[in-house]
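Reader: Could you walk me through this one step by step? I'm new to reading structures.

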Amino acid sequence: MSDTPSPPPKIMAAKKMRDLMTTYYLEALSAAQNHRQVAWITSGGPVEPLVAMDIIPVYPENHGAMIGSAKMGEDLCAKAEDMGYSGDLCAYARSDIACAVVKGGPIGGLPKPDMLICCNNICGTVLKWYEIQARYFQVPLFIFDTPVCHTGYTPEIAAYVKTQVNEYIAFLEQVSGKKMDPARMNAVGKLSYEGQRLWQQVLNTTAHKPSPMSAFDAFFFLALIVTLRGTQIAVDFYKELIAELEQRIKDGIGVVPDETYRLLWDNLPVWHRLKWLSDRFSAHQACLVADTYTSAWCGALKYMDENNFLDSMAEAYTRIYLNIGVDEMAEEVLKMIRFYDIHGLVMHSNRSCKPYSFGQMDIMRIVREKTGIPVLMIEADMVDPRSFSESQIETRIDAFMEIVKHKAGRS
Amino acid sequence: MIFAGIDIGSNTAKAALIQDRAIIGVRVIPTGYHHLKAGTRVFEDLLDQTGLSRSDIRAIVSTGYGRASIDFADKAMTEILCHGAGAHFLDPDIRGIIDVGGQDSKAIALDDQGQVDNFAMNDKCAAGTGRFLEVMANALEVSLDQMGEVGLTADHPSKISSICTVFAESEVISMIARQEKRENIIAGIHQAAAARVAILAAKIRIQRPVMMTGGVAKNPGMIAALETQLNQALILSPYCQETGAIGAAVLASRLPA
Ligand code: SF4
């Protein structure tokens, strides 16, 4: 083997982001002392009305990702199983349900919610999960119902979801005892739109060869567009990040030394094995330049009108990646394969996330038929390490890379 | 020029030597606990057997779960690539491979040049692997070798519905308790394992002709069950168990000098 090239300089904005997230969590954890309300909300839920009403949004899923990264998933999932929840239940739900009881996890549990906002555009699991938490904390729950758009968005769906938006705002006004200020709502809507536009721009930088960052970095930087969407903080941060990434491009800094193969990742990350996976792929000069997951927080931009956010929000939140049909998902994947100039697709069949993993066999087939690029399927779980077999996955990655190299004519 | 391949599987270590597109020797020993020792042993035994010395060997490729431990190999490659190369070497027409190994089963698709185009492996579960058959053989108190033959005499194969090896084992135990015929239970076990493997083949839409490789290819009961499930005859080679090692030797011959 040749000598290993020195690793590229770290992305500096990472430290800043860690600080911003710490501040955010401190604020959330001390909300009650400062007479502010906290709402727990699903990752795909419409957060902007909360921000506009000065309610602090908290994401159990983001917290679940932190639990996974901190390798605390096994104990918490086992605890939930002790409580009687099935091991087949999504590990975000399991770890959150356990965490609420034992105040575990890397930050000692989430702040107690004053209300729960559950949007089912990501899955059906969240409905039961949030019902459980609403009972446990004895707080009101709002369910924002978004019908699945298998083949498009009909006027009936539009009218239905619009009523959900109205009811949602009425719910917030009632629980908070305040009226929503339309001007403030507009301003938040504009910031949300701007944040998502910038996030897309961040992701687009990896179309450059070599890629200045990888999907593993994107998984990390994602936290802000999820948790602080609709704030100036997110907008400012992503501007700074883009500037840094563009500078890396100018300086020719790639995140994987000798980047030769460009891969696309599908499904949630395996939070507890990010470094291991990243190293495995880098050892083959392969960079995971993009993924279908992080783009979920900007993929619906095309349906959004920044000047009429509240009205267009209904469509944007309904037509997100997990809430559309498999054909449309495959189209998105094919678009990414072209845009990022991808040599191979890596699919994480995620034991936790059934809605994300369900159509993967079809997407795999469509991608192979339309592009001929190799596709790898690995079985794992995003948070629960008990569903992960290192040596099996290592063999599959090696075999997959052998095929990728051969197809790219460089074996 | 002579090239060597060493395949360290979970149960057995295999070595093969090829020269000018001909197999000049193969050897199989149990793997045991120590991968490097098994690899060294099987390789040296094979050299003795063929009257060759290390300096006669131009290049060595290792493969299998223990591939990384073989420090004297020139390169480590995965079993998937090696089974592909080995099957193509044994029969250039082969387009699909079913490899049922100790720990995992795989279906491999080859393109018309014999290159691996796609593959699917069993997930973490042991159902449909050699291990599954081993557990069942234990439960039935037959040897693995006997099991293959016995299953062929079944008149009415039992139906095993559990997916999991552990559940299937208790299912088998209750069949024994009900005094179902041993040959029928064995045939049912083969059907159940073959059904799992057939799913892998379907996943990658395997094309014919299909060769079966790996140690389990010596089990006639399993072959018959697979042929039924896949609805086609399987091509078998006397070197089924050593196919990975042979492929590794073939790939060694392609390494840059
Ligand atoms: S099942 Fe999937 S979409 Fe639903 S909460 Fe779990 S990870 Fe998220």
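Author: Let's start with a term: a salt bridge is a side-chain nitrogen of Lys or Arg within 4 Å of a carboxyl oxygen of Asp or Glu. This is a predicted model, where local features need pLDDT of at least 70, side-chain atom pairs count only at pLDDT 80 or more, and totals for chains, interfaces and linings use all residues. Residues are numbered from 1 along each chain as its sequence is written, chains are lettered from A and ligands numbered from 1 in the order in which they are written, and side-chain values use heavy atoms, with hydrogens and water left out.

Reader: How many salt bridges does the rule find between domain 1 and domain 2 of chain B?

Author: First, the two parts: domain 1 of chain B covers 1-91 + 240-257, and domain 2 covers 93-236. These bounds come from an automatic or database domain assignment. Across their interface, the number of salt bridges is zero.

Reader: Then how many residue pairs in polar contact are there between those two domains?

Author: A polar contact is a pair of N or O atoms within 3.5 Å; within protein, one must be able to donate a hydrogen and the other to accept it, and residues adjacent in sequence count only if both atoms are side-chain atoms. With both residues at pLDDT 80 or more, the count between domain 1 and domain 2 of chain B is seven.

Reader: Which helix gives the most to the side of domain 1 of chain B that touches domain 2?

Author: Contact means heavy atoms within 4.5 Å, and here it takes 16 residues from domain 1 of chain B and 25 residues from domain 2 of chain B. Helices (H or I, at least four residues) and strands (E, at least two) are DSSP runs, numbered from the N terminus. With eight residues, the top contributor on the domain 1 side is helix 2 (residues 79-90) of chain B.

Reader: What is the area buried between those two domains of chain B?

Author: Buried area is the accessible area (1.4 Å probe) that two parts lose on being put together, summed over both. Carbon and sulfur atoms give 64% of it here. On the domain 1 side, B:Ile80, B:Asp91 and B:Cys240 supply 37% of what is buried against domain 2, more than any other three residues. The total is about 1,600 Å².

Reader: Which residues meet in a salt bridge of 2.5 Å, N to O?

Author: Side chains of opposite charge can pair when their charged atoms come close. Between chain A and chain B the count is three salt bridges. The pair at 2.5 Å is B:Asp117 and A:Lys407.

Reader: Where is the cis peptide bond with omega near -10 degrees?

Author: Most residues other than glycine have a negative phi, and most peptide bonds are trans. In chain B, B:Pro209 is found in the loop between helix 6 (182-203) and strand 9 (210-213). The cis bond you want runs from B:Arg208 to B:Pro209.

Reader: And what is the mean pLDDT of chain B?

Author: pLDDT is the predictor's confidence in each residue, from 0 to 100. For the complex, the predictor gives an ipTM of 0.81 and a pTM of 0.90. In chain B, 100% of residues reach 70 or more, and the mean is 91.
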